[in-house]
Amino acid sequence: MPPTGPTWLSLLERLADRLLSAVERPLVAARIPELLRSANQVVPGVTPAPAAGPPPADLQQEFAAETRRLLTERLLWFAGITAAVLAAATFFTGWSVFLTPLLAWLKGLGASAPSPSPQWPDRGNVIDFLLLALSAAVYSLLAHRVFHGHLRGFDAGRVASGVLMGTGVVSMALAALAHPSPGDLISVAFVPHVVACICLPWTWKEALRPMLVLLVAAAICTIVAKAPTGWGKLTTILLSTLVAAPGTAIALFKHTRRVEAFRTRFFEARYDEMNRELVDARRIHEALFPRPGTHDRLAFDYAYQPMAEIGGDFLFARALPPAHGDRTRPDLAVVLLDVTGHGVSAALTVNRLSGELERLFAENPAATPAQVITGLNRYVHLTMAEHAVFVTGQCLRISTHPDPHDSPQLAFASAGHPPAFLRTADGRLRRLDATATILGVLPPDEFTTDQVQAPFAPGDAVLAYTDGVNETIDAASSMFGIDGVQRALSISGPAIVNTPHTHPPTTSPAQHTHAALVHALSAAVARHRSGAPKDDVLIVQLTHLPPPTPATNPINVAILGPTGYTGLELLELLAHHPSMRVAYLGSARDNPPRIDAEFPRLHGRLGPVDPQCRRINHDDIAATCRLAFLCLPHDAAMHHAPALLARGVKVVDLSAAYRLADPAVYAAAYGHPHTDTTNLPHAVYGLPELNRAAVVAARLVANPGCYPTAAALALVPLLRAGLIDPRSIIVNAASGASGAGREAKPNLTLVEAGDNFSAYGIGVHRHQPEIEQTLRHHGNVTAASALFVPHLLPIARGILETIYAQPTPSAAPTLATADVQACLRQAYAGEPFVAVRDDAPTLRDVQRTNMVHLSARVVHGRVVIIAAEDNLTKGASGQAIQNANLMLGLPETTGLI
């Protein structure tokens, strides 16, 4: 700790600092120590080289903290090694000075000739021995005190320097009584100094400071001594200065290397931290973007690629109450913004503009594009223009017409933005140019804008984009230009592509429903571009969908076992499916019932479905149906599936008959052998979000269990990313009573299940091997173990799972909630039936939907995921229809949204 008064240590340190300043001044004046200045540029209190500029404050602080830690850790090494070396020198000096003459004299006593008197050492040798012994004792005491923690709270560097100076000055004073010479200084100060410079993280100045005091002491002792004389004294003093050279050189070399290594580590860590922050910032920034989708018959889609990790382009879309109060169809407003600049600063500006847009539409949901552009200009001029930040923007609004026979109207306003294009259903292009100057340039009282109106008929599409598109250049520095945009939009064929909606991440061109123009323009820009993007690219397509046409040839399907809960749910969903028709209801009962008598609530709700169930006949099914849903017990499913497959009927099995790939595992879980090992290897596990391509090509799909569906969707992305340990998983789940089936069971009666909550099947539940198999196969891990504990909820339907897992060792040090949430969002970007939320989902959020809601946290170093689904829909019948849609070539969401 710093001294509080003029102690001997503070006096020595003041003397050392004065001497150091006197030595450093001429060197700096001559601009010699360039290496010295660069080596000390991160040491607090030392001015860096002017060309290098001051280092960051946090770099200096971290370097100083590391130096203090190293000094504390290595003080013991310095004291221990020095004590050991000096003790060894003391021993050998004592041997040569005392023991050797004594042994020679004792040996001479036995000789025949008279023994001479022993040759005892002179005073100088005795003083040398005493100095070594004293120094060894001092350093041994220092090592003892450091080892036992008696010096905690003291400045380790000052302690080392003070001991070195103190022992040296005392030694010099005692040496003056004998024969002061460079050898005395070397024997007493050289070794401790070199050891200190090797062990301690000293700079060259810190290494030289104590030696300057000792050199002055040695010079004084040499001057006052009797010998040598004249030039001999000067020579002795000059030679003494060489004692400081080796240690100082070692300190300079070590410190320079340490500075370089520390700077490298520091900036690498800052780069990694900045990279992670940019990833998080981009995730938060792009979370402001809307999800592509449809609003009534108005659809929009987009492709977005920032130049850097984060960009200054922004898209706002909102379904709004209709401008005409007598209409029920919503309006759709879309705003494109492009902020001057790029990267983080532009993204921060975008975030502010996002809030302003939310305010504008919240205050005036009927705001016209001209009003929106005018409001944005006022905001940008008053808050951003003084910082030389300006914005180009476009606003489009599709408003329904009061006359139901007329098409909606497209209203358009643009402030300095590149022209948009309206492409009619017959392929004609209309250019929509800017209607006002750039936002923020003019004050509000001088800003005006026009507004363009145009019909927006079914099949029409409008395409807007930011200037990163038209300003793209090729290898010859030729700009893509507005002409390039027009050429790309003059593609043959419709603006609408009827493909399943599987939205990719927003950083890649959209290639899905209603995005033909986006895809065409994105591809054209990519072909024209030479090198990396020089600006952010945002392309948006807004489409008026034609009215749906009824299916002229619906696909006939069969339901075998419609009287259970899953069969009932399946029947209710398919009764209104636009492309499938239930043509066969097959029952295993001796007297097949009418389904609307079994479930009276179905009266009048089945549409064209014949409500009379029939005995299961494979030939009749094959003659009328392309696909059969098996809602049967496991053994019955293994009996009927082979017969149907042999007759060319595709099968979606809702039982567990084909879920487990190993027949032995199935037999152990379900208590009876597998009877269809021929078809088992060809069954496809029907979890579309993880296995979509295989489902599309499948003839036999094993519809997943309800519990495994939620667990797999929650865990597989984290396993694939290496974020969680596959052997540490705990699945704590709770399900409504419908998960146990319709069969009467005592524990499911109202008296037993009502006002109750209980665990069951602990460690032996049939879904546990299915969960582990799915995690292994789709999580890309060789082994996975899950402790699965299900519970019975006193409700009809729904599953809530709370899942725990330990992070992997590589992920654990830095894993945060944002990381696991980003992993899930990236995995399910565009998935129509998976929602990743910031808040924890509840059962009410998902009941009677085909959705799974996920939310993840990192709590006390553990990953916690909440997953919610409806066990009868996404956990059974809804997912079965999702699989059937894929198998039959239909859009995946048909009949489910």
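**Salt bridges in a predicted model**

Me: Glu770 and Arg659: buried or exposed?
Reply: Both Glu770 and Arg659 are buried in this predicted model.

Me: What does Glu770 form with Arg659?
Reply: The two residues form a salt bridge, with their closest N and O atoms 3.6 Å apart. This pair links distant parts of the chain, 111 residues apart. Glu770 belongs to helix H23 (residues 767-779), while Arg659 sits in the loop between strand E16 (650-653) and helix H19 (663-670).

Me: Which residues do salt bridges with shared partners join into one network?
Reply: Glu66, Arg258 and Arg265 are joined in that way.

Me: How many salt bridges does the structure hold?
Reply: There are 21 salt bridges.

Me: And helix H10, where do Glu356 and Arg359 lie in it?
Reply: Helix H10 covers residues 343-363, and the two lie three residues apart, about one turn of the helix.

Me: Why does Glu356 count as buried?
Reply: Glu356 counts as buried because its relative accessibility is 9%, and buried means under 20%. Arg359, at 35%, counts as partly exposed, and Glu363, at 58%, counts as exposed.

Me: Changing topic: what does the secondary structure of the protein come to?
Reply: The protein has 25 helices and 25 strands. Of its 897 residues, 51% count as buried.

Note on methods
Residues are numbered from 1 along each chain as its sequence is written. This is a predicted model: local features need pLDDT of at least 70, side-chain atom pairs count only at pLDDT 80 or more; totals for chains, interfaces and linings use all residues. Side-chain values use heavy atoms; hydrogens and water are left out. Helices (H or I, at least four residues) and strands (E, at least two) are DSSP runs, numbered from the N terminus. Buried means under 20% relative accessible area, exposed over 50%, partly exposed in between (1.4 Å probe, protein chains only). A salt bridge is a side-chain nitrogen of Lys or Arg within 4 Å of a carboxyl oxygen of Asp or Glu.
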